[in-house]
Amino acid sequence: MITNDVKKIDAEPSLYSLLLNPKGRVLYDLILYKVSNAEYLVEYDSTGEDYLHKHLLMYRLRKNVKIEPLKDMSVWVIYKQHDDESSNKNLNMQVISSYLDKTDKIVKYTDDPRISNFGIRIISKSDVNVHESLEQSGLNLIGEGCYQLLRYKLGIGEGVLDHPPGNCLPFETNVDLLNGVSFTKGCYIGQEMTAKSNFVLSVRKRLMPIVLEDKNSYPIFPPECNILNEKKRKVGRLRSHLGQYGLGLLKYEDCAKSEFLQLEGFDIKLKAVRPKWWPSNLRSDKNEHIFL
């Protein structure tokens, strides 16, 4: 059912992947965790809970598998402040795990499976404050930050707001760069379009960070607001933003050649930022960054 190879979960603590519809369009992004040989956790955008639950039940067929939403779980992330872009050192998982092992009601913790240096994800019971528990154990944390803002600065989308169900293609979400797809596993729903994008088609549009010009406040932008270049040609769409930072689905090579970018219908300019974790040889006409 998923774009990644589920067999990897036996060797890796977590797995990032997508669920697609039969036309190869993205329905949901998720992170899969193995708790035991008979139990797995699926982390996803809670706003799509009912739809995802029905989707999984539909493909259960007559298998003896119990699928149910968990209301008593919370997700926490420990991450480094990314103000210093020159620092590539990752968090010391060995040190932090020694504190997590002493914290009650931690169900699972693992490095984020998408990119390195994106923090440690923690699944806990919802009645425990992991931040307070870790500090009481002696782990020195700076404080609570804004994970959404971190994602926007790095250019990593999550959930139905950044990946509208049924509207975007897998490579537009950067799933190929986020360790979320396997090209050697067997068939899955939507596999034909995904394989074609990798081996045949050009991938001209990708989700990437955008920075709006600094203002005291911003108007409410319409959904999928068009982004234009200096020639008034459409180069993409605004997906979401939090203050000055956001995500846009953009023709990234055209943006690099543009003198400036602007939101259609608004006197607000912006710039597109190429993420540092993208391969340097990434081009729309050649997917040589993919290793089979």
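A salt bridge here is a side-chain nitrogen of Lys or Arg within 4 Å of a carboxyl oxygen of Asp or Glu. The model is predicted. Glu158 and Arg114 form such a salt bridge, with their closest N and O atoms 2.9 Å apart. The two residues belong to distant parts of the chain, 44 residues apart: Glu158 is in the loop between helix H4 (147-154) and helix H5 (159-162), and Arg114 is in the loop between S5 and S6. Arg114 is buried, its relative accessible area being 2%.

A second pair consists of Lys205 and Glu172, whose side chains meet in a salt bridge at 3.9 Å, N to O. Since Lys205 lies in strand S7 (residues 205-212) and Glu172 in the loop between H5 and helix H6 (191-199), the pair ties together parts that are 33 residues apart in sequence. Lys205 is partly exposed, with a relative accessible area of 28%, while Glu172 counts as buried at 10% relative accessibility. Elsewhere, salt bridges with shared partners join Glu43, Asp112, Arg114, Arg121, Arg151, Glu158 and Asp162 into one network.

The side chains of Asp127 and Lys105 also meet in a salt bridge, at 2.7 Å from N to O. Asp127 sits in the loop between strand S6 (120-125) and helix H3 (130-136), and Lys105 in the loop between helix H2 (93-100) and strand S5 (106-111), so this pair ties together parts that are 22 residues apart in sequence. Asp127 is exposed, with a relative accessible area of 56%, and Lys105 is partly exposed at 45% relative accessibility. The count of salt bridges in the model comes to 16. As background, side chains of opposite charge can pair when their charged atoms come close.

## Helix faces

Which residues of helix H1 (residues 49-58) are buried? They are Glu49, Leu52 and His55. These residues cover an arc of only 130° around the axis, which puts them on the same side of H1. The other side of H1 has Asp50, Tyr51, Lys54 and Met58 as exposed residues. Strand S1 (14-20) and strand S2 (26-36) are what the buried residues of H1 pack against.

In H6, the buried residues include Thr194, Ala195, Ser197 and Asn198. Seen down the helix axis, the buried residues of H6 fall within an arc of 155°, so they line one face of the helix. Glu192 and Phe199 are exposed on the face of H6 turned away from its buried side. The cover over the buried residues of H6 includes S1.

## Nonpolar cores

The largest nonpolar core has 42 residues, of which Leu212, Phe221, Ile227, Leu263 and Trp277 touch the most other members. At least two residues of this core come from each of S1, S2, H4, S7, strand S9 (234-242), helix H7 (252-257) and strand S11 (261-263).

Leaving aside neighbours within four places in sequence, Leu263 is in contact with Leu212, Phe221, Cys225, Asn226, Ile227, Leu238, Ile268 and Leu270. Another core, of 13 residues, lies apart from the largest one; among its members are Ile96, Ile122, Val130 and Leu139. In soluble globular proteins, nonpolar side chains tend to be buried together.

## The S2-S3 hairpin

S2 and strand S3 (residues 39-43) run antiparallel and are joined by five bridges. The bridge partner of Lys34 in S3 is Tyr40. The two strands, S2 and S3, form a hairpin with two residues between them.

Asp254 is part of helix H7. Is this residue, Asp254, buried or partly exposed? At 30% relative accessibility, Asp254 counts as partly exposed. Not counting residues up to four places away in sequence, Asp254 touches Arg204 and Val235. Between Asp254 and Gly236 the C-alpha to C-alpha distance is 9.7 Å, and the two are 18 residues apart in sequence.

Technical notes: Residues are numbered from 1 along each chain as its sequence is written. This is a predicted model: local features need pLDDT of at least 70, side-chain atom pairs count only at pLDDT 80 or more; totals for chains, interfaces and linings use all residues. Side-chain values use heavy atoms; hydrogens and water are left out. Helices (H or I, at least four residues) and strands (E, at least two) are DSSP runs, numbered from the N terminus. Buried means under 20% relative accessible area, exposed over 50%, partly exposed in between (1.4 Å probe, protein chains only). The arc is that of the directions from the helix axis to the C-beta atoms. Contact means heavy atoms within 4.5 Å. A nonpolar core is a set of buried Ala, Val, Leu, Ile, Met, Phe, Trp, Tyr and Cys residues joined through side-chain atoms within 4.5 Å. Two strands pair if DSSP finds at least two bridges between them.
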